[in-house]
Amino acid sequence: MSDNCLFCKIIEGIIPCTKVYEDDDFLAFNDINPAAPVHILVVPKRHVHSLQTISAEDAAWLGKMLALAPEIARLGGCRPGHEGGFRVVINNGLDGGQEINHLHMHVLGGERPWQNRAAPAA
Ligand code: AMP
Ligand code: ZN
């Protein structure tokens, strides 16, 4: 737990979230400002700033976090298989667009109706 870390407070239950998945090492919850029909954040329960602060010893739990993505996408309602799928994003540091300084993996998906719109008439 890191003082003044929003995601640590969510992990501690001090700030509420809509939980999608939890195990001993990770919590996954809906993003409060979704950028897609499915937008879930997966956070390690241990406070880690970003990929900028990890090292080779972190490979095992990072691999586990990545391996959780398909199951979390499925729980969130992403369609399976080639026609469905999801996107994984990890922002790191200010130049990387990171707003919350507790490492987190965005899992984004769902149908994208805006991609099926007919092209505007010329
Ligand atoms: P990033 O820019 O990668 O640091 O992403 C931070 C994400 O956290 C943004 O997509 C926010 O919408 C999301 N967020 C901020 N506050 C909360 C909250 N209380 N519960 C859930 N998601 C949040
Ligand atoms: Zn934290």
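How far is an oxygen atom of ligand 1 from an N or O atom in the side chain of His106? The distance is 2.8 Å, which falls under polar contact (a pair of N or O atoms within 3.5 Å).

The model is predicted, so local features need pLDDT of at least 70 and side-chain atom pairs pLDDT 80 or more, whereas totals for chains, interfaces and linings use all residues. Residues are numbered from 1 along each chain as its sequence is written, chains are lettered from A and ligands numbered from 1 in the order in which they are written, and side-chain values use heavy atoms, without hydrogens and water.

**View 1. Polar contacts of ligand 1.** A polar side-chain atom of Asp31 lies 2.5 Å from an oxygen atom of ligand 1, and a backbone N or O atom of Ile32 lies 3.1 Å from a nitrogen atom of the ligand. Taken alone, ligand 1 exposes 510 Å², of which the protein buries 86% (Shrake-Rupley areas, 1.4 Å probe).

**View 2. The shell around ligand 1.** The ligand is surrounded by 16 residues, the closest being Asp31, Asn91, Glu99, His104 and His106 (a heavy atom within 4 Å). Helix 1 (6-12) supplies three residues, the largest share (helices are DSSP runs of H or I with at least four residues, strands of E with at least two).

Key:
A polar contact is a pair of N or O atoms within 3.5 Å; within protein, one must be able to donate a hydrogen and the other to accept it, and residues adjacent in sequence count only if both atoms are side-chain atoms.
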